[in-house]
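Have the viewer open while you read this one. It's a quick walk through the inside of a fold, then out to its charged pairs and surface.

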Amino acid sequence: MLSPEYRIDELLSLYLSRSGFAKLAPETKRNYTDDYCLFFDFLWGRGKVWNEATDDDLADFEYWRTRAGENPGKVGGSRWNRGLAALTRLYEWAERHDYVVRNPVVMRDVVGRAGEVIRVPQARAKDAKSSDVHWLTPRTFRLWVNVGLRGHTAQGVPAADWAGRLEDRNAAFADLLLSSGMRLTEAASLLTLEMPRTRLGGARYYPGRLAPVVTKTRRARTFYASAPVVGGVEGYMESTRAAAIRRAQAKGRYERLSRMRLVTGVAGLRKKVLHWRDQDGAEGRTPLSEAHVSERMTLFVEGPSGPEPLWLWLNESGLPFRPASWENVFRSASQRCAEVLAGVVAEPPFCTPHMARHSFALYMLVVLHHVVDLRMGLTPEERRDFRLLYGDPWRMVQDLLGHAQLETTREIYLAPVSDLQLRSLMADPGTAEGGERLSQDRVTALLARIAEESEGIQDIDASLVPAAVSA
């Protein structure tokens with residue numbers, strides 16, 4: 001972080017590298033740093049640096065960010081509160097160490113949900129939404145993938161001018177997010193040895209294990225990916241990924257890296273430990289559960305033609321594709337859907353990496369209720385016994401998402417169905433004798449009905465479904 005005069009602030013460097021800020025998740029650090037830069041630029045226009053700010057400065061900044069008519073990029077309450085949280089963390093640290101004369105973030109006491117007294121910033125917005133969640137039904141997600149990531153036309157065939165760069169990688173990653181419900185950083189930082197592989201005899205779903213260091217809750221978690229999705233990832237690994245590695249090896253890119261750790265062995269079964277050697281010959285070992293994102297990007301193995309990254313998702317140069325870069329991939333795909341499908345469907349689909357997680361949660365809840373109520377043909381008494389033994393479908397989805405609180409699953413991710421009576425939604429179930437096709441069609445119909453009755457769920461009218469959906 002440089003001033004407009006290209007100077008480094010020693011106190012800010014100390015805060016960013018040695019305080020509690022350094023322990024935050026990479027996504028949080030990136031967002032908070034953006035918030036700091038905005039406020040510091042605002043102060044610089046007033047001839048001040050960050051540790052000279054007053055509560056009047058913060059009040060004026062809040063007005064500019066959220067209400068000023070001259071500001072073309074005003075933000076809502078939730079976005080303002082995130083920036084305020086970033087400033088609160090910084091100035092509380094500065095106040096504790098006497099780096100500021102006065103904290104510009106004025107605090108006040110409020111009563112929490114459990115009756116406890118908590119301190120919050122006085123400038124905190126009261127109209128902030130608790131979430132801004134959107135969903136896609138599976139058929140709408142498939143349309144978005146085919147048109148946005150695979151370059152199909154509205155008629156369901158590849159466009160003549162489509163370059164097709166990395167489409168198998170991008171589609172495999174998007175499908176993995178929807179199939180597993182992983183967060184962006186969790187899926188984007190997978191190593192090849194953490195991705196489940198298909199096996200003889202087959203299975204409908206394959207389990208994988210997320211290291212606690214890459215999860216938001218800092219707890220290890222099992223994820224599940226469907227067999228077609230795992231096959232898609234394997235196809236990417238054996239084609240586009242392998243070709244990118246060969247090009248990088250031929251150009252000597254890996255040997256020129258400033259930091260590389262060559263994994264020489266993996267010990268342990270459940271608790272794997274990576275033994276490695278760096279460019280200087282120094283040897284070390286890192287438990288896989290403790291390998292953070294930045295370290296994972298430096299891990300390589302010796303392949304038939306030289307070093308190969310352990311990082312699963314690579315760019316065209318054969319180097320690790322950074323997690324934050326996936327946002328641009330999804331944004332570009334949504335823009336293409338808007339252009340290609342304008343006039344074909346009422347509302348062209350759009351998607352973000354986190355929306356795939358939302359959609360997974362909604363789909364899994366409907367499917368789990370469908371399995372319990374229909375496929376097993378349980379009576380009310382048997383259903384109670386099933387839930388005592390295996391857990392309520394809501395809690396199953398909570399575990400799959402890795403949420404610490406069930407309320408997060410109910411109130412945010414699954415708001416469209418949180419207050420619906422699913423038994424009435426599943427009315428006229430028929431029987432399970434129709435087989436898997438009948439079951440899948442029924443789930444699709446249920447999701448379409450929920451989409452009609454709820455806000456935020458993207459679905460396409462069956463009469464307007466182009467061939468691109470089933471391609």
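What follows is a short tour of a predicted model, section by section.

Start in the middle. The largest nonpolar core has 55 residues, and the ones with the most contacts inside it are Phe141, Trp144, Phe173, Trp313 and Trp326. At least two residues of this core come from each of α5, α6, α7, β4, β5 (221-226), α8, α10 and α11 (353-375). There's also a second, separate core of 27 residues, which includes Tyr15, Phe40, Leu90 and Met107. As background, nonpolar side chains in soluble globular proteins tend to be buried together.

## Around Trp326 and Phe321

Zoom in on Trp326. Leaving aside neighbours within four places in sequence, Trp326 is in contact with Arg169, Asn170, Phe173, Leu184, Ala188, Trp313, Phe321 and Pro353.

Now hop to Phe321, in the loop between β10 (306-309) and α10 (326-340). Is Phe321 buried or exposed? Phe321 counts as buried, because its relative accessibility is 12% and the cut-off for buried is under 20%. Phe321 and Ala188 sit 133 residues apart in sequence, yet their C-alpha atoms are 8.0 Å apart in space.

## Helix α4

Helix α4 (residues 77-96) has 20 residues. From its first C-alpha to its last, α4 reaches 28 Å, close to the 28 Å expected at 1.5 Å a residue. The buried residues in α4 are Gly77, Trp80, Asn81, Gly83, Leu84, Ala86, Leu87, Thr88, Leu90, Tyr91, Trp93 and Ala94. One of them, Leu90, also turns up in the second core.

What covers those buried positions? The cover includes α1, α2 (26-44), α3 (55-66), β1 (107-111) and β2 (117-121). After α4 comes Asp98, with a positive phi near 60°.

## Salt bridges

The structure holds 19 salt bridges.

Take Arg150 and Glu167, whose closest N and O atoms are 3.6 Å apart. Arg150 lies in the loop between α5 (138-149) and α6 (167-180) while Glu167 belongs to α6, so this pair ties together parts 17 residues apart in sequence. Arg150 counts as partly exposed, at 26% relative accessibility. Another bridge joins Arg197 to Glu238, with 3.9 Å between the closest N and O atoms. That pair links distant parts of the chain, 41 residues apart: Arg197 is in the loop between α7 (184-188) and β4 (205-210), and Glu238 is in helix α8 (residues 227-250). Arg197 is partly exposed, with a relative accessible area of 40%, whereas Glu238 counts as exposed at 60%. Elsewhere, salt bridges that share partners join Arg46, Lys48, Asp57 and Asp60 into one network.

Lys48 is partly exposed, with a relative accessible area of 24%, but Asp57 counts as buried at 4%.

## A greasy spot outside

Finally, the surface. Leu2, Tyr6 and Ile8 form a nonpolar patch there, with about 410 Å² of accessible area together. Leu2 sits in the segment before α1 (10-18) and is exposed, with a relative accessible area of 54%.

Key
Residues are numbered from 1 along each chain as its sequence is written. This is a predicted model: local features need pLDDT of at least 70, side-chain atom pairs count only at pLDDT 80 or more; totals for chains, interfaces and linings use all residues. Side-chain values use heavy atoms; hydrogens and water are left out. Patches are made of residues with over 30% relative accessible area and no salt bridge: like charges are joined within 9 Å, nonpolar side chains (Val, Leu, Ile, Met, Phe, Trp, Tyr) within 5 Å. Accessible areas come from the Shrake-Rupley method with a 1.4 Å probe; for residues, only the protein chains shown count as cover. A salt bridge is a side-chain nitrogen of Lys or Arg within 4 Å of a carboxyl oxygen of Asp or Glu. Helices (H or I, at least four residues) and strands (E, at least two) are DSSP runs, numbered from the N terminus. Buried means under 20% relative accessible area, exposed over 50%, partly exposed in between (1.4 Å probe, protein chains only). A nonpolar core is a set of buried Ala, Val, Leu, Ile, Met, Phe, Trp, Tyr and Cys residues joined through side-chain atoms within 4.5 Å. Contact means heavy atoms within 4.5 Å. The expected span of a helix is 1.5 Å times one less than its number of residues.
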